[in-house]
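Please open the model in your viewer and keep the selection tool at hand, as this tour moves from one selection to the next.

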Amino acid sequence: MIRGTIVVANEICKGCELCITSCPQESLGLSDRINSIGYRYIVLVKDNCTGCVNCALVCPEAAITVYREKKSALKARESAFVASGGLSV
Ligand code: SF4
Ligand code: SF4
């Protein structure tokens, strides 16, 4: 299972919502805030992104960057965090 996340360039998003409708995970929504060009911009509303890249491919502004991480790598990082004295979840 691949885990992913996105970073949105808030200042160039035009709130067209194409990315929202393209996301199979329903991970995206519009912010309540407005950017400097007058649009509500996109934010992650659920922590279930798989990094499928659909949203980035449909964005006419190229405002979305997708990052992916394998679950095994994520587990290893969590284990290292707990071993170093971090909080267990
Ligand atoms: S597709 Fe791009 S411009 Fe449109 S709402 Fe999503 S991030 Fe913003
Ligand atoms: S990468 Fe895929 S799952 Fe993640 S927010 Fe974009 S469309 Fe949704």
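In what follows, a residue counts as near a molecule if its C-beta atom, placed from the backbone, lies within 6 Å of it. This is a predicted model, in which local features need pLDDT of at least 70 and side-chain atom pairs count only at pLDDT 80 or more, while totals for chains, interfaces and linings use all residues. Residues are numbered from 1 along each chain as its sequence is written, and chains are lettered from A and ligands numbered from 1 in the order in which they are written.

Select ligand 1 to begin: 14 residues lie around it, and C13, C16, L18, C19 and C59 come nearest. Coloured by class, this shell shows ten nonpolar, one polar and three charged residues; Ala, Val, Leu, Ile, Met, Phe, Trp, Tyr, Cys and Pro count as nonpolar, Asp, Glu, Lys and Arg as charged, and the others, Gly among them, as polar.

Helices (H or I, at least four residues) and strands (E, at least two) are DSSP runs, numbered from the N terminus.

Now select residues 28–34 and 40–44, the antiparallel strands β2 and β3, which are joined by four bridges; strands pair if DSSP finds at least two bridges between them. Here L30 stands opposite I42 in β3, and in the turn of this hairpin, where five residues separate the strands, G38 has a positive phi of about 95°.
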